[in-house]
Amino acid sequence: PNHHHQYDSRSTQGQNPLTSQSLNTRRELYERDFPVYKQPVEVGCFSLDSERRFFNDSRQMRYYVEPDRNPYFDLRDGYKDRFIKRDDSVKEKLDHILRWIVANRSKLNSRAATSSSFAFDVDFVTWRGHLTKLLTTPYETREGWLLAVTRFRGTLYMSELETEAARRERENRTERHEEMMYWGYKFEQYTCADNIHSLPDSGGVVNTNEAFCTVVQTRLADHRLLFSGEVDCRDKDPGAPAPPTCYMELKTSAEICTPKQRSNFHRFKLLKWWAQSFLPGVPRVVAGFRDHEGVVVSVETFHISKISHLIKNEYNCWKPTVCMNFCCDFLSFVKRVATEENPSVVYLFSWEPHRDVTYSIHRDSQYSFLPQWYIEEMSS
Ligand code: A3P
Ligand code: MG
Ligand code: MG
């Protein structure tokens, strides 16, 4: 008889989900019915200007101007002399979202009926990008993640920490990689105008400090979520539907020339694109396909709702239901683990490919991320 499983309650089958200290990420465990995911509702937005200053408005919103189907956009133009790059060694954590919450307290559904202090009706506050990473975890084989969670006034705040591997990569990027990271922003400049009646200005400066972010509320099974994500642009037709349905995501990708390249595009790129836009309810992705010289040679629109059909012919491909069920179970795991209401306690969840998700607990550590101004503001 095999006694091993009795001691191995932390992993795989037979685990007691209520006591387990880890969470398995194998995709087969998440192949069940698609969980309830409510249509995301935009509850607000904010902008970050060319110096990364916060504004509680939509001043950085941009408008999509449909390019020629076969344009000739040189994405390398301006890299050397018309590019201001955001300092990505500065870790902003949840600060911009917290500023938005403080500025919009009165708009949020409050459940603090008996006290003067403010608590609101959400279980999780986080960035969309952190949730995207959770959605793709069952299929990720290269990059792990670290998520710091703090429970404060009934809400779980979830903020990413840079892994050692990610820091090394960031500090050792090749010049080619640095330039390619610019290309995506340059494509945005070729296709976006600052207002409804103007045209894109490809001769201007690309400044990656600038951002327009939507704040949405939704629910995944029994998890009420409030998250923010950057939005590239919106449909400029005044008759377009309300946000987030009028929003559009812009992407660049290598031109597809072979069946193998098409298959890889479906398996890896479309997974990331789907996860990122599905979460906030952005229905369309406009893709610019570039050649080896960084020139966009074709533009194609992908509808998020059609992506699962597009990939159906790929053998052993990713499934939206696995992504959503894993995210849902991870959030349940977090609720179970992060029980102490204390802004200086951080539950640090960590994951490496081919491993389970595990956690550790830290008091008054370097990992604490809720700023004093936020704690004071929400306690008054
Ligand atoms: P592409 O994805 O078109 O290459 P987003 O698409 O999320 O709006 O991001 C805009 C651009 O930022 C990307 O455009 C890419 O150039 C850069 N970028 C975003 N995330 C990145 C990452 N994790 N690593 C490198 N570059 C990234
Ligand atoms: Mg963007
Ligand atoms: Mg984009």
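Start with the whole surface. The protein has an accessible surface of about 19000 Å², and carbon and sulfur atoms hold 48% of it. Such areas come from the Shrake-Rupley method with a 1.4 Å probe; for residues, only the protein chains shown count as cover.

A word on what is loaded. This is a predicted model: local features need pLDDT of at least 70, side-chain atom pairs count only at pLDDT 80 or more, and totals for chains, interfaces and linings use all residues. Residues are numbered from 1 along each chain as its sequence is written, chains are lettered from A and ligands numbered from 1 in the order in which they are written, and side-chain values use heavy atoms, with hydrogens and water left out.

**Stop 1: the whole fold**

Switch to cartoon view. The protein has nine helices and 18 strands. These are DSSP runs, numbered from the N terminus: helices are H or I with at least four residues, strands are E with at least two. The radius of gyration is 22 Å, close to the 21 Å that the globule rule gives for 380 residues, so the protein is as compact as a globular protein of that length. That radius is taken over C-alpha atoms, and the rule is 2.2 Å times the number of residues to the power 0.38.

Show the C-alpha trace. Along its principal axes, the trace spans about 65 × 60 × 40 Å.

**Stop 2: ligand 1**

Select ligand 1 and the residues around it: M181, G184, Y185, E188, D232, E249, L250, K251, T252 and Q276. Which side chains place a polar atom by a ligand oxygen? Pick K251: one of its polar side-chain atoms lies 2.7 Å from an oxygen atom of ligand 1. For E249, a polar side-chain atom lies 3.0 Å from a ligand oxygen. Q276 also has one at 3.0 Å from a ligand oxygen. The protein covers 63% of the 520 Å² of accessible area that ligand 1 has on its own. Now colour α5 (175–191) and β14 (247–254), the elements that give two or more residues to this shell.

**Stop 3: G281**

Jump to G281, in the loop between α6 (259–278) and β15 (284–290). Is G281 buried or exposed? G281 counts as buried, at 17% relative accessibility. (Buried means under 20% relative accessible area, exposed over 50%, partly exposed in between, with a 1.4 Å probe and protein chains only.)

The C-alpha atoms of G281 and P40 are 5.8 Å apart, although 241 residues separate the two along the chain. Leaving aside neighbours within four places in sequence, G281 is in contact (heavy atoms within 4.5 Å) with P40, P244 and T245.

Terms used. Near = heavy atom within 4 Å. Polar contact = N/O pair within 3.5 Å; in protein donor to acceptor, adjacent residues only side chain to side chain.
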